[in-house]
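Subject: Structure handover

Hello,

Please open it first, then read the notes below it.

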Amino acid sequence: MAEPTRTAKLTIDDKVIDLPIYSGTIGPDVLDIRKLYAQSDMFTYDPGFTSTAACDSAITYIDGDKGELLHRGYPIDQLAEKSHYLEVCYLLLYGELPTLVQMKDFEGRITRHTMVHEQMHNFFRGFRRDAHPMATMVGVVGALSAFYHDSTDINDPWQREVAAIRLIAKLPTIAAMAYKYSIGQPFVYPKNSLDYAANFLHMCFAVPCEDYVVNPILAKAMDRIMTLHADHEQNASTSTVRLAGSSGANPFACIAAGIACLWGPAHGGANQACLEMLREIGTVDRIPEYIRKAKDKDDPFRLMGFGHRVYKNFDPRAKVMKESADEVLGLLGVENNPTLQVAKELERIALEDDYFVSKKLYPNVDFYSGIILDAMGFPTSMFTPIFALSRTVGWISQWKEMIGDPTQKIGRPRQLYTGSAFRNYVDTHHR
Ligand code: CMC
């Protein structure tokens, strides 16, 4: 960390405490409160971490007011338009865009790790057929540490690198296997002649009894969805991965923790919840009823795919996703898809409504992604697994950055205790 740029003074009763202030390259400065407890016997209090920077990072930057998302400085709209998923993976992992030689080498390394240990097939077979693919993925990804012992030593940079490559390469295979298992079809092995996104579609939709040719339009759309989900700064699942990793847990266990966190409907589970909501609304005339429900304080219903902790202008990923939805559905000849019509009208009405405007609630990345995935033929239960496989590179890049930092220590938040003060144990007869 650089030297402090200035110092803030905090007065508690009659004691003045100096708090160093650090500046990043861009974004808000941070107040360094690490010595606060020692100096004041007080903790800071920030449930939900709305004002807390938990680490320094050089990977991803978000300006929520401008609606800007940068990976290693490059804006997401440029990456979505001009780059492709594996190149973005390289950028996130290593910090720079690759040369042609570096890209070829990286693609080769990923491609050679796409298969999973054959014994893992038996592991899958232990799950119920009707298990949600996310449930299967949490278990199987955690189990990778039981199959790949030679890349679990976090103190060995070579093992960390191999674990990163294995995770990026194997996650699509695992997600596709979870899907195939849930529909009772045989697993489809990865095909190394296909690119990353096309290979995933092949593993999901091919069957052994006939040839399956991947539609290049769908492969491109899949690649873009993956690119848009690749990383997103210190969101809940990334922070989960960092916290799990801060104890020294192996990378497979940490990514399994990230997948578990992502599953929630306030986070990656929102894409499934959003499409289910759009289908439930069904027709444009029912939108006002759902807007009313979303605004009603006594109703727990929220417009899924709307709102974001950081973006208070628009989510730049949602913009690209909306364009992509139009493009893909147009190319597939299903532009009159009723769900897309409901989504567009819902967006239009919500963006004119004072409740959503005043609270700065805009469509997020999950609002349109489900419509594209649905048009591609994925069931809603696969939406969050696709988010998970795409985000794996972000998680592992953030994990590698943390483990490589010599000042890293175990994450251990404190609390404002509101329970009973000391009391003596009372035995059963006297309660
Ligand atoms: N529908 C209706 N009202 C909302 C919504 C919504 N989707 N989102 C926030 N609000 C209201 C909320 O009730 C609160 O109102 P008040 O100030 O009167 O209490 C205000 O807006 C601020 O909301 P918050 O819950 O304090 O904000 P947060 O930053 O803690 O939550 C969020 C962010 C994304 C969890 C939330 O907006 C939400 O639940 N959205 C729906 C789920 C969703 O789409 N999640 C995907 C997020 S993007 C992808 C990802 O991260 O995985």
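**The annotated pair**

H308 sits in the loop that runs between α13 (287–295) and α14 (316–331). Helices here are DSSP runs of H or I with at least four residues, strands are E runs of at least two, and both are numbered from the N terminus. This is a predicted model: local features need pLDDT of at least 70, side-chain atom pairs count only at pLDDT 80 or more, and totals for chains, interfaces and linings use all residues. Residues are numbered from 1 along each chain as its sequence is written, and side-chain values use heavy atoms, with hydrogens and water left out.

UniProt, in an unreviewed entry, lists H308 and D366 under "active site". Its positions are given in the numbering used here, with shortened feature names, and annotations may be inferred rather than shown by experiment. The two span 59 residues in sequence, yet no two of their C-alpha atoms are more than 10.6 Å apart, so they gather at one spot.

The cut-offs are under 20% relative accessible area for buried, over 50% for exposed, and partly exposed in between (1.4 Å probe, protein chains only). The side chain of H308 reaches the backbone nitrogen of V310 at 2.9 Å. That is a polar contact (a pair of N or O atoms within 3.5 Å; within protein, one must be able to donate a hydrogen and the other to accept it, and residues adjacent in sequence count only if both atoms are side-chain atoms). Leaving out residues up to four places away in sequence, H308 touches H232 and R317. Contact means heavy atoms within 4.5 Å.

D366 belongs to helix α17 (residues 366–376). At 5% relative accessibility, D366 counts as buried. Beyond its neighbours within four places in sequence, D366 has contacts that include H229, H267, N271 and F387.

**The ligand**

Which residues come nearest to the ligand? Of the 22 around it, they are H267, K297, L303, R309 and K359. A residue is near a molecule if one of its heavy atoms lies within 4 Å of it.

- A ligand nitrogen is 2.7 Å from a polar backbone atom of L303.
- A ligand nitrogen is 2.9 Å from an N or O atom in the Y355 side chain.
- A ligand oxygen is 2.9 Å from an N or O atom in the N364 side chain.

On its own, the ligand has 930 Å² of accessible area, and the protein covers 75% of that. Areas come from the Shrake-Rupley method with a 1.4 Å probe; for residues, only the protein chains shown count as cover.

**A buried threonine**

T392 lies in helix α18 (residues 383–403). T392 counts as buried, at 0% relative accessibility. T392 and A169 are 223 residues apart in sequence, but 9.7 Å apart in space, C-alpha to C-alpha. Not counting residues up to four places away in sequence, T392 touches L167, I168, L171 and I255.

**A sheet**

Strands β4, β5 and β6 form an open antiparallel sheet, in that order. Strands pair if DSSP finds at least two bridges between them. β4 (60–63) and β6 (74–75) are the edges; each has a single partner strand, so one side of each lacks a neighbour in the sheet. β5 (residues 68–71) pairs with β6 over two bridges. L70 has P75 of β6 as its bridge partner.

Best wishes
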